[in-house]
Amino acid sequence: MKRTLALTAAFLSVALATQQAQAWSLKEAAAPYAGTTITGIFLDRPGYKAADTLIPQFEKETGIKVKTEVVPYESTNQRYVLDFTSGGGTDLVLSDVVWIGQFADAGWMAPLDKFYNDPKLADPALNLKGFFPVLLDSFGTWNKKVYGLPFDNYSGLMYYNKCALKQAGFAGPPKTWNELLTKYGPKLTGNGKYAFALQSRRGETQSADSFMRTLWLSGGSLIDPKTFEPTLASAASQKGLQFRQDLLKFMPPGVVDQDHNEVVAAFNNGTVPIITEWSAFYPTITDPKQSKIGLNCLGVTTEPLGSAGLKPALGGFSLGVNPNSDAKKQAAAYLFIQWITSEKNAKAYVQAGGVSGRQAVYKDPAIRSKFLYVDPMVKSWSAGTAVPAFRPRFAEWPQISQIVAENGTKIMLGQLSTAAGAKVIDDQVKAILDKAGYYSGKKAKLQ
Amino acid sequence: MTTQQNSAAAIRSADQLAVLRARRGSTVKTALHGVGLIVVLFGTLFPFLWMVLTSFKTGAQITATPPLVFFEGTLDHYRTILGDQYNVGQSLITSLIVSVSATALAVLLGTPAAYALARFEFKRKDDLWFWFISNRFMSPVVIILPVYLLASQLKLIGNPGLLIAMYLTFSIPVVVWICTDQFRSIPRELDEAAMVDGASPAFIFLRIALPLALPGVVVSSILSFIFSWNELLFALFLTRGSGVTAPVKATSFLSGYDVPWGEIMATGTLIVLPVIIFSLLVSRHLVQGLTMGAIK
Amino acid sequence: MHTQKRLTPFFFLAPAVVILALVGIYPLVFAAWVSLHNYLLAQPNIPHDFVWLSNYLTVIRDSSFWGSIGRTLFYLAVALPLEIVLGLAIAFMLRRGRWAHLRGFARVMLVIPLAMTPVVTGLIGRLIFNQQFGVVNYVQTSLSSNKIGTEWLGNPTLAFVTILVLEIWQWTPFAALIFLSGLTAVPAEVEEAATLETRSFWVMLRSIQLPFLLPALTAILILRTADILKQFDMVYTLTSGGPGSSTELINLYITRIGLRGAFDQGVASAQALLMLVLTTVLSRLYIRYLYKGDNA
């Protein structure tokens, strides 16, 4: 008797769910929240401008207002920590891949299952599997729970100036980092021009774009993935750091103070023919108002191979929900996140200059032929190639990143040798991880 | 006699020679003096003028080499920053409200204290005076961390009242410092005569001492207004979103993948211009005030 | 009547003292408490354990902390003498001689750098010292055979030079104006009488003008020392401490430890309190030997 009842109940709920699924529409789902305003932090980058062009459509359909504030990237983490620790914060949480551990540990992002398992809110077309697995896993998931959906997605790519390379007698871009150093470097440097520029300004740019990239290309690493012991003193890590020092003579002299915008500008105005930058820069590089490189001179491909093969930089942001917001705003925020990252909107988002994390949109031949970055990016994100642990994502990363950035720039400037700098960083990283309890087994080794 | 005459003549001709030499020297000197003045003037004004000039250039004109001095100007950047996206106007208003309030409160609280320090005798007066002044030396960094923690527990972050209160940490000392000296310079006989007539200390302070100390009040107000208007560190951590002050707004442009130089320079111009005009109008008081800040 | 009289100064002082204590002292006490605890703002799950003096030990052993203190003192030691020497030279240029109109105009214009918001000064610095299209590099490359612009902000030494240049640009006029007001106090008769005795500029300066310049010098020393130790705004927008930590002055360093990364409020509070001890001792010394020395 009991069993049949349970069975009937289960059957009924499935039936109801399907019925609701068929009837689901954004407008109806949003009806209880019409007139709600949700707040969020955006960056001054192409993916956000693209979202801005789509938002009015969402507002019209749902009656929910989306209010975003633009904050400089380097202040965003600071702003979140300060807001969250004072019990406030915006309703939408934009989490960098390297903040997810911190935000999830601290309870600053709500697990999304309670929303996507709620038939009233969940779009039946949500299809979490439609995201590139590496993106959903790295940007949105912590300890097997989903906290955010991939929104602004990057892979490191190599942009090169075909015409400049051809003029110097090269048929194509360097295939390996070594080739860049030994062949392209000497030939392309001189008369105020430089072969390559690696954005290295102190901050996350130094840690991610410059320091970690050079570790990966030589097969080195920051910590041992199993024991979490610092490994910068290892031969492979040292080789990577030394490689960066060697490459410096083929880079513009002020590169240690250059951020993304300066390096991209140097590429755009023809001073530097090869850069490794995020896929998100494609709109800037192809904008004729900002770039002198015409589409016919522009080449985009995967990053050069290192001694461990292709290890492309991975970066990006997911959007999640602030658990401190009231229930209505949380639901409204979820609806927005689900909508802006949906498969249905992916094409419009890409066409407006965003980089979607959805696999399906890149199968569209029109998109593939229009955006040169698509093929190398899809390759970089594909299983077997992608490097989900490009940077550790645990809660201690923002603190470690500060140390890496300070001493990484000092190494580049020659104020510390690669060995001495590695020791300073290793010691501090070890102290931080020890304090956090990774070595005593108090904290699980997730990264 | 003749030797005397001779030597006198010799002196006279030597004098004439010196004058001649001095005159020739002085034309060179005068010319050098003029050149020096122009160099100083140019050096002083150049960064300011370059900012104003840049704020009227289009993006391409800003990054042009050689840098352009003559060009067809545009008001686009001003339109952009005053529009809804950046809303610099709002920040300027916030700055104005905060600076004026902090200055008014500092005068209200600081002048009676200064009067007491100048006129009354009590124990540990010098220590109290030093304590007031030492706040002027204290770096905001020392208190910004605890203030942030306390304010966030009290949900005061983003409240302009909090910022005004923090600005009192430097504006009260300025008022006390300058006005104490000013009150001391008023002859004591005036107070004493009034006291004989049976006037209360409050009456004497308000009706006799304060009007005479007005120059000190004016200069200390000017200084505390300028310090408040220009302040960044407190405002950076204690204000938020649409409630940020103008200097904080100016720092928020250096974020994106391209640096909007035109907008930055237009914002800079709008922040700096009111204070500069104000300072030029009161320049005599300003210098006097800065001097009085440290010397009696 | 008698008690009322004794209480009078209390009524005058109480409001200012209470407010200043509330916004100044209360946070300090809180900072002292935080400095004895393990307080990582960014990791709320870690309990705020009492850790005795271990944060202070961390600070004392932290070479970056001492590096930034040393950098700040070096900045002070270079900037302040240059501001004084250049300021004095400008004051003499403005004082007398031909070019009355030019001198008058320059005197008024010198107020502009003083009123300039330091945040904006830093932003202008980024524009005019820009490697690709900065006007400084344009002038430099057109004058020299080297056709590649200097990377002012990307080289540790040059970045430090750049913050010094802007510091000196902004504050030399202040020194000049204060010296000038000191010089106007020199009685004309005394000076004329002295010109009959000597023509040497140095003798004049030492024996006649110096007594009138000393109070001005005191003012400059006290105010600039205090403000240089507090320097944050201009460097924050110009280099934010980089490249590496070559322009990271003490206040930038403390805010980085306390308000970035792990938000280690415990260690940052300990740093801030050590900094407070340093500035209090310095200001005590200054006030005792320079300020009070004049009056007593």
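Buried means under 20% relative accessible area, so A:K410, at 16%, counts as buried. The legends below describe close-up views of a predicted model.

**View 1. A salt-bridge network links chain A and chain C.** The residues A:R202, A:E406, A:K410, C:E248 and C:R256 are linked in a network of salt bridges. Within chain A, the side chains of A:E406 and A:K410 meet at 3.2 Å, N to O. Both residues belong to helix α18 of chain A and sit 4 residues apart, about one turn of the helix. An α-helix has 3.6 residues a turn, so residues three or four places apart point the same way. A:E406 has a relative accessible area of 7% and is buried.

**View 2. The interface of chain A and chain C.** Chain A contributes 33 residues to this contact and chain C contributes 29 residues. About 2,600 Å² is buried between the two chains, and carbon and sulfur atoms give 46% of that area. There are 2 salt bridges between chain A and chain C, and 9 residue pairs are in polar contact, both residues being at pLDDT 80 or more. On the chain A side, the elements that give two or more residues are α4 (73-85), α5 (100-106) and α18 (397-412). The largest share, 7 residues, comes from α4(A). By class, this side of chain A has 11 nonpolar, 13 polar and 9 charged residues.

**View 3. The interface of chain B and chain C.** Here 94 residues of chain B meet 91 residues of chain C. The buried area is about 8,400 Å², with 82% given by carbon and sulfur atoms. In chain B, the residues that lose the most area to chain C are B:F130, B:F137 and B:L145, together 9% of what that side buries. Between chain B and chain C there are 2 salt bridges. B:D127 forms a salt bridge with C:R284, and their closest N and O atoms are 3.7 Å apart. Helix α1 (residues 2-54) of chain B gives the largest share of the chain B side, 18 residues. That side divides into 69 nonpolar, 19 polar and 6 charged residues.

**View 4. The surroundings of C:T255.** C:T255 lies in helix α12 (residues 250-259) of chain C. Its relative accessible area is 8%, so C:T255 is buried. A polar atom of the C:T255 side chain lies 2.9 Å from the backbone oxygen of C:L252. Not counting residues up to four places away in sequence, C:T255 touches B:V141, B:L233 and B:F237 of chain B, and C:F232 and C:R260 of chain C.

**View 5. Helix α12 of chain A and its packing.** Helix α12 (residues 260-268) of chain A is mostly covered, with 7 of its 9 residues buried. These are A:H260, A:N261, A:V263, A:V264, A:A266, A:F267 and A:N268. In chain A they pack against the strands β6 (148-161), β7 (196-197), β8 (274-278) and β9 (298-302), and against the helices α10 (204-217) and α13 (282-285). Just after α12(A), A:G270 takes a positive phi of about 90 degrees.

**View 6. Two further salt bridges in chain A.** The side chains of A:E396 and A:K443 meet at 2.8 Å, N to O, in a salt bridge. This pair links distant parts of the chain, 47 residues apart: A:E396 is in the loop between α17 (374-381) and α18, and A:K443 is in the segment after α19 (418-436). A:E396 is buried at 1% relative accessible area, whereas A:K443 is partly exposed at 23%. In the other salt bridge, the closest N and O atoms of A:D44 and A:K49 are 3.0 Å apart. A:D44 is buried, with a relative accessible area of 16%, and A:K49 counts as partly exposed at 47%.

**View 7. Chain A as a whole.** Chain A has 19 helices and 10 strands. Its radius of gyration is 23 Å, close to the 22 Å that the globule rule gives for 447 residues, so chain A is as compact as a globular protein of that length. Of these 447 residues, 59% count as buried.

Definitions and conventions: Residues numbered from 1 in each chain as written. Chains lettered and ligands numbered in written order. Predicted model: local features only at pLDDT ≥ 70, side-chain atom pairs only at ≥ 80, totals over all residues. Heavy atoms only, no water. Contact = heavy atoms within 4.5 Å. Buried area = accessible area lost by both parts, 1.4 Å probe. Salt bridge = Lys/Arg side-chain N within 4 Å of Asp/Glu carboxyl O. Polar contact = N/O pair within 3.5 Å; in protein donor to acceptor, adjacent residues only side chain to side chain. Nonpolar A, V, L, I, M, F, W, Y, C, P; charged D, E, K, R; others polar. Rg over C-alpha atoms; globule rule 2.2 N^0.38 Å. Buried < 20%, exposed > 50% of the residue type's maximum accessible area, 1.4 Å probe, protein only.
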